Amino acid sequence: MIRYKDILAESLVDGVGLRVTAFLQGCPRHCQGCHNPLLLPMEGGYEVSEEKFVDKILALVTPIHHGITFSGGDPLAQPEALFKTIDLIKRRQPRLNIWVYTGYTYEEVQRVPVLSLIDVLVDGPFVMAEKDLDLPFRGSANQRIIDMEQTRQKGCVTVLPLEKTARSWAS
Ligand code: SF4
């Protein structure tokens, strides 16, 4: 079972290209200036099976969508349910790339199994002192947009080359 609050059919701000964004419920942090304070309680939102959740997400995907983003809340607060959800999506729609936002750093969660299924991890908590509204796809400069495939291959954190990726994924 997985807890979520909302699913947005069309987003251009939660990753490269047109995306469906799923907002998972619950986050153990309380960052000052959190963009989504209503999603912090672990017991809020709606609890559904992972299969139903995937049905809801994929029902919104059209041929022009590039991927699915999991935001929140902190999706990694439900690591097993997130693994099952992404695994189901990859089996049913392998062309979709998967972005996950988390308040944890990569170094804190690198051994969590679901990371093996993720294409891009946006890591780290929102830090008010590093807030920058001009940054693409993140709120504060400490957060990194990590290319997980390259990171797995090289064995060290590799940040996504955003402009190059935007051109290739949006074509
Ligand atoms: S990690 Fe994200 S969702 Fe959690 S409190 Fe911080 S800004 Fe809010």
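# Reading a predicted model, feature by feature

Tutor: We begin with the largest pocket, which has a volume of about 480 Å³. Keep in mind that this model is predicted.

Student: Now helices. Which residues of helix α1 are buried?

Tutor: Start with the general idea. An α-helix has 3.6 residues a turn, so residues three or four places apart point the same way. Now the case. Helix α1 spans residues 50–58, and its buried residues are E50, F53, V54, I57 and L58. They cover an arc of only 125 degrees around the axis, so they sit on the same side of α1.

Student: What covers the buried residues of α1?

Tutor: The cover includes four strands: β1 (2–11), β2 (19–24), β3 (46–48) and β4 (67–71). Helix α2 (79–92) is also part of the cover.

Student: Take C27 and C31. Is C27 buried or exposed? What does C31 count as?

Tutor: Burial is read from relative accessible area, with buried meaning under 20%. C27 has 11%, so it is buried. C31 has 23% relative accessibility and counts as partly exposed.

Student: Let us turn to the backbone. Which peptide bond is cis?

Tutor: Look at omega. The bond from G72 to G73 is cis, with omega near 10 degrees. G73 has its place in the loop between β4 and α2.

Student: What is the phi of F137?

Tutor: F137 has a positive phi of about 65 degrees, although F137 is not a glycine. Find F137 in the loop between β6 (120–123) and β7 (144–147). With 19% relative accessibility, F137 counts as buried.

Student: Where is L160 found, and is L160 buried or exposed?

Tutor: A loop residue needs its accessibility checked too. L160 is in the loop between α4 (148–154) and α5 (162–170). At 7% relative accessibility, L160 counts as buried.

Student: How many residues apart are L160 and W99 along the chain?

Tutor: Read sequence and space side by side. L160 and W99 are 61 residues apart along the chain, and their C-alpha atoms are separated by 12 Å.

Student: What does G33 touch?

Tutor: G33 lies in the loop between β2 and β3. With a relative accessible area of 41%, G33 is partly exposed. Leaving out residues up to four places away in sequence, G33 touches F126 and M128. As for K131, G33 is 98 residues away in sequence and 9.4 Å away in space, C-alpha to C-alpha.

Student: Last, T151. Which residues is T151 in contact with?

Tutor: T151 lies in helix α4. At 1% relative accessibility, T151 counts as buried. Setting aside neighbours within four places in sequence, T151 is in contact with Y106, I146, C156, V157 and T158. Compare E10: T151 and E10 are 141 residues apart in sequence and 28 Å apart in space, C-alpha to C-alpha.

Key. Residues numbered from 1 in each chain as written. Predicted model: local features only at pLDDT ≥ 70, side-chain atom pairs only at ≥ 80, totals over all residues. Heavy atoms only, no water. Buried < 20%, exposed > 50% of the residue type's maximum accessible area, 1.4 Å probe, protein only. Helix = DSSP H or I, 4+ residues; strand = E, 2+ residues; numbered from the N terminus. Arc of directions from axis to C-beta. Contact = heavy atoms within 4.5 Å. 1 Å grid on protein atoms, 1.4 Å probe; cavity = no way out; pocket = protein on both sides within 12 Å on 5 of 7 lines; lining within 4 Å. Points joined across faces, edges and corners; volume = space filled by probe spheres on them.
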